[in-house]
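Here is a short report on a protein chain. Look at the structure first, then read on.

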Amino acid sequence: MRTPGMTLKELAEMLSLSPTTVSRALNGYPEVNAETRARIEAAAREHGYQPNTMARKLATGKAMAVGHVIPLGEHQMINPIFAEFMTGASEVYSKVGYETILTVVPEKGEEDAYRDLARRHSVDGVIVHAPRTGDPRIKLLTELGLPFVLHGRPVGDDGPSVCLDIKNARAFRQATQFLIDLGHRRIALLNGLEQISFALRRRAGYEQAMERGGIATDPSLSAHQEMTETNGYNTTMAWMQRAERPTAILTSSIISAIGVSRAVRDAGLELGHDVSLITHDDDLSFLRNEGDPPRFTTTFSSISAAGHRCAEMVLDLIAGKPVESEVWDCQLVEGRSTGPAPA
């Protein structure tokens with residue numbers, strides 16, 4: 001049963017432990033043995049104990065917050081995919097009494113925002129989103145001594161860093177090969193912005209599969225842009241009006257895929273019959289790829305799970321624990337949007 005407003009002292013008395021031991025266990029101090037820590041954490045959950053954040057800040061000298069700097073410019077980070085990532089991350093922060101500091105800045109002010117967070121000790125660490133070519137944030141955060149985790153792998157040799165990524169090149173190589181095996185040769189790529197690492201790697205996977213299949217890539221059947229429904233629609237409509245339209249399209253977001261699907265329908269064609277489509281699916285909670293079989297053939301990896309894991313990793317770095325980079329596989333899920341190439 002939950003005890004409304006339970007204090008640290010009351011929790012300690014209930015467990016027949018000292019308030020100091022309970023506080024140290026809940027704050028991650030290593031001198032509390034694992035069995036005692038587990039008992040304390042279970043009791044805190046059961047009785048709804050919420051630690052006093054201000055007291056924890058004073059006791060630990062920590063800000064009890066993780067930062068996310070959001071640059072507004074050509075690439076708008078405030079989007080449904082980012083929101084889904086934050087859903088997973090926030091679940092982790094809330095369990096350990098951490099807060100999220102979102103700093104929205106003009107694109108050119110991003111580096112100053114990180115310096116300001118470090119100077120004011122506003123956060124104990126940060127998660128860096130969408131690593132890009134020649135990314136200056138990695139060197140800057142290393143120099144500032146601020147623990148950070150990259151969501152995505154760096155492009156090139158940007159020095160040592162901890163990251164979480166998916167196997168983007170492998171996923172799009174596999175997806176392209178899937179279409180080639182169905183007999184498709186005019187395969188278009190509708191990608192995200194290609195200064196960002198995930199899009200660069202997805203293009204590489206697509207081009208590798210095309211080269212292995214002995215198929216020349218057509219630059220006019222390739223686009224990289226913001227992954228919106230409107231962009232997906234407009235680009236696909238232009239392709240559908242060509243004398244030799246693509247018979248298959250590979251796109252980097254299920255949001256773009258909805259635009260592709262609408263354009264194919266408006267062109268009087270049938271998805272999965274006249275035009276095949278494979279998209280990446282981030283498992284957005286409000287936009288599930290549902291059905292049996294599902295609506296779209298996809299390369300699948302949960303963005304919410306990535307947010308959850310990135311949060312765990314940055315908190316471990318803050319606690320001084322060793323953390324290794326992780327690169328996850330994607331799952332190819334066959335749906336109704338793919339079929340043999342039309343004769």
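This is a predicted model: local features need pLDDT of at least 70, side-chain atom pairs count only at pLDDT 80 or more; totals for chains, interfaces and linings use all residues.

The crossing of H1 past H3 is right-handed.

Which residues make the contact? On the H1 side they are Leu11, Met14 and Leu15. H3 brings Arg39, Ile40, Ala43 and Ala44. Sorted by class, this contact of H1 with H3 has six nonpolar residues and one charged residue. No polar residues take part.

## The largest nonpolar core

The largest nonpolar core holds 46 residues. Within this core, Val66, Phe85, Tyr93, Trp239, Ile249, Val314 and Leu315 touch the most other members.

Strands E1 (65-72), E5 (162-166) and E6 (187-191) each supply at least two residues. So do several helices, including H5 (80-95), H9 (197-212), H10 (229-240) and H11 (254-266). Which helix gives the most to the core? Helix H12 does, with eight residues. H12 spans residues 303-318.

## A look at Leu72

Leu72 is found in strand E1. Is Leu72 buried, exposed or partly exposed? Its relative accessible area is 35%. Buried means under 20% and exposed means over 50%, so Leu72 is partly exposed.

Now compare Leu72 with Leu150. The two are 78 residues apart along the chain. Their C-alpha atoms are separated by 18 Å.

Definitions and conventions:
Residues are numbered from 1 along each chain as its sequence is written. Side-chain values use heavy atoms; hydrogens and water are left out. A crossing is left-handed if the near helix is turned anticlockwise from the far one by less than a right angle, and right-handed if clockwise. Helices (H or I, at least four residues) and strands (E, at least two) are DSSP runs, numbered from the N terminus. Contact means heavy atoms within 4.5 Å. Ala, Val, Leu, Ile, Met, Phe, Trp, Tyr, Cys and Pro count as nonpolar, Asp, Glu, Lys and Arg as charged, and the others, Gly among them, as polar. A nonpolar core is a set of buried Ala, Val, Leu, Ile, Met, Phe, Trp, Tyr and Cys residues joined through side-chain atoms within 4.5 Å. Buried means under 20% relative accessible area, exposed over 50%, partly exposed in between (1.4 Å probe, protein chains only).
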